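Here's a quick tour of a protein model, written for someone new to reading structures. Have a look at it first, then we'll go through a couple of its features.

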Amino acid sequence: MRVEILGQERRRRWTDQQRLEIIGAVGVNGATLTEVAQRHDVTRQQIYTWRYDLKKRGLLGAAPEAVFLPLDLPAVRAPEVAYNPGPGATSMVELRLTKGRTLRFGSDIEVISL
């Protein structure tokens, strides 16, 4: 009996070095995990599994900690408005992010006049 395989064989073997290269390609030049998975013809879950396995075996270092950089923006002067907060008044801080996302923080924030 003879068997002929039509199409690409789906079971492939990846070396640890190849896995590290594929995982390392995520984020390079803005490449998403999905794009990298499609480029290498693997599933996203496979990349997650490789990442977990390689970290567990000590072959993949932990993600670098967040780095905060100083931001130098020109001071914007608000128009002079008489503001006398009453007792128990709180301030609201709104931080507008990209893609229309907004963070709002309600807390007791000290009002500083410029």
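Predicted model: local features only at pLDDT ≥ 70, side-chain atom pairs only at ≥ 80, totals over all residues.

Let's zoom in on one member of the patch. Leucine 95 sits in strand E1. Is leucine 95 buried, partly exposed or exposed? Its relative accessible area is 40%, so leucine 95 counts as partly exposed, since that label covers values between 20% and 50%.

## Charged partners

Side chains of opposite charge can pair when their charged atoms come close. How many salt bridges does the structure hold? There are 2.

In one of them, arginine 57 meets aspartate 16, with 2.4 Å from N to O. This pair ties together distant parts of the chain, 41 residues apart: aspartate 16 belongs to helix H1 (residues 16-24), while arginine 57 lies in the loop between helix H3 (44-56) and E1.

Arginine 57 also forms a salt bridge with aspartate 53, and here the closest N and O atoms are 2.9 Å apart. Put together, Asp16, Asp53 and Arg57 are linked in a network of salt bridges.

## How exposed is the network?

Arginine 57 has a relative accessible area of 42%, which makes it partly exposed. Aspartate 16 is partly exposed too, at 27%, and aspartate 53 gets that label with 25%.

Methods:
Residues numbered from 1 in each chain as written. Heavy atoms only, no water. Helix = DSSP H or I, 4+ residues; strand = E, 2+ residues; numbered from the N terminus. Buried < 20%, exposed > 50% of the residue type's maximum accessible area, 1.4 Å probe, protein only. Salt bridge = Lys/Arg side-chain N within 4 Å of Asp/Glu carboxyl O.
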